[in-house]
Amino acid sequence: MKIKLVKITQLSGNKASIYTVLIDNDNGTLFDKFIIENKISFKSELHNLTVRLKTMGQDTGAREHFFKQFEGNPGDGVCALYDEPKSHLRLYCIRYGTTLVIVGGGGYKPKNIRALQEDPKLTAENHKMRSISQLITAKMSEGQIWFTKDYMEFDGSLELTNEDDEDDEND
Amino acid sequence: MMKMMKMINTYYSKEIDDLLGDIDPKTEKKIAFRMKLAAKIDNARINMGLSKKQFAEQMSKKPSEITKWLSGTHNFTSDTLYDIQECLHIQLIDIDEGQTEQIIRFLFEAKQKENRQLFAYSDFNFFRRFNLELKNDFMELEPDIEFFRKLCKHEKKQEK
């Protein structure tokens, strides 16, 4: 898997930077795909999610309570926006404190399921974010990517490839 | 192991642009307002040194209810906001008419009176009561305020 972290200019502000992910040089980011997949059926929810991200970027910061925590592996920062009773969509993110969020994909969460594992689409999107978080953590420990001093941005090389995946493909 | 390449990392999304352009500005403000309100409550809770559980206990609520309040999606009732104000010693609802509102109301009423050529002495006292210097921003608000300023000066001279 080859990913590129990109900062979304329309949503980022002086309180938080909102990033998303380009995977394998695809056209459009994970968040773009999420919008395209849901803009027919859940447009008002998409409006809500987008404004929430913009408000975090420009006014409030990415406060812990704005997200549903612990949606991934322990300590990987994978969380979801959001968990309102009437909402249908689940958008997976990785949160790094109040100043940095990576927005991924997600999907429709049927009312008759409680856990994401019960829905293949949600499971796939969630696991993608877990892998991305793992990749970023690995790259940080290698000193190839780091936070800026104000913790507002990633610095270093924001395009990274997981060579383990490539090895698996070659086997 | 990972490979790396240096690159520009900002991204402008047409999909996001289309979405943001499509949102009713009132709805956008309302969503932002709910989040800012939640942030204000959470800041006050932290400043009071209360954990989420302690805050829930003081409000006689379950912690899950507090989580909902702080999510920035909750539509509070005025009673709940009042209770939060009392608990955290902050102001969330301002029901008193502020000075700016009083000035606007005064100018509006004065304009109506001007049309009928009726002025009350209390109108001119208004500015003295609030110790207002008639600054440029108020001049911009209502150019006719110059007329009242002159009258106020005239009144003061007469008092002397």
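User: In which sense do strand 4 and strand 5 of chain A pair, parallel or antiparallel?
Analyst: In this predicted model, strand 4 (residues 89–96) of chain A pairs with strand 5 of chain A in the antiparallel sense, over seven bridges. Within that pairing, A:Ile94 stands opposite A:Ile102 of strand 5.

User: And what does A:Gly97 do in the hairpin of those strands?
Analyst: The hairpin has three residues between the strands, and A:Gly97 takes a positive phi near 65° there.

User: How many bridges join strand 2 of chain A to strand 5 of chain A?
Analyst: Four bridges join strand 2 (residues 17–23) to strand 5, and these two strands run parallel. In strand 5, A:Leu100 is the bridge partner of A:Ser17.

User: How many residues of strand 5 of chain A are buried?
Analyst: Eight of the nine residues in strand 5 (residues 100–108) are buried, which leaves the strand mostly covered.

User: Turning to chain B, what pattern does it follow along the sequence?
Analyst: Chain B reads β-β-α-α-α-α-α-α-α-α-α, with two strands and nine helices. Of its 160 residues, 34% count as buried. Chain B exposes about 10,900 Å², and carbon and sulfur atoms supply 52% of that area.

User: Where is B:Asn9 found?
Analyst: B:Asn9 lies in the loop between strand 1 (2–5) and strand 2 (10–11) of chain B.

User: Why does B:Asn9 count as buried?
Analyst: B:Asn9 counts as buried because its relative accessibility is 19%, and the cut-off for buried is under 20%. Leaving aside neighbours within four places in sequence, B:Asn9 is in contact with A:Leu5, A:Val6, A:Lys7, A:Tyr19, A:Phe154 and A:Leu158.

Terms used: Residues numbered from 1 in each chain as written. Chains lettered and ligands numbered in written order. Predicted model: local features only at pLDDT ≥ 70, side-chain atom pairs only at ≥ 80, totals over all residues. Heavy atoms only, no water. Buried < 20%, exposed > 50% of the residue type's maximum accessible area, 1.4 Å probe, protein only. Areas by Shrake-Rupley, 256 points an atom, 1.4 Å probe, with all protein chains shown as cover. Contact = heavy atoms within 4.5 Å. Pairing = 2+ DSSP bridges.
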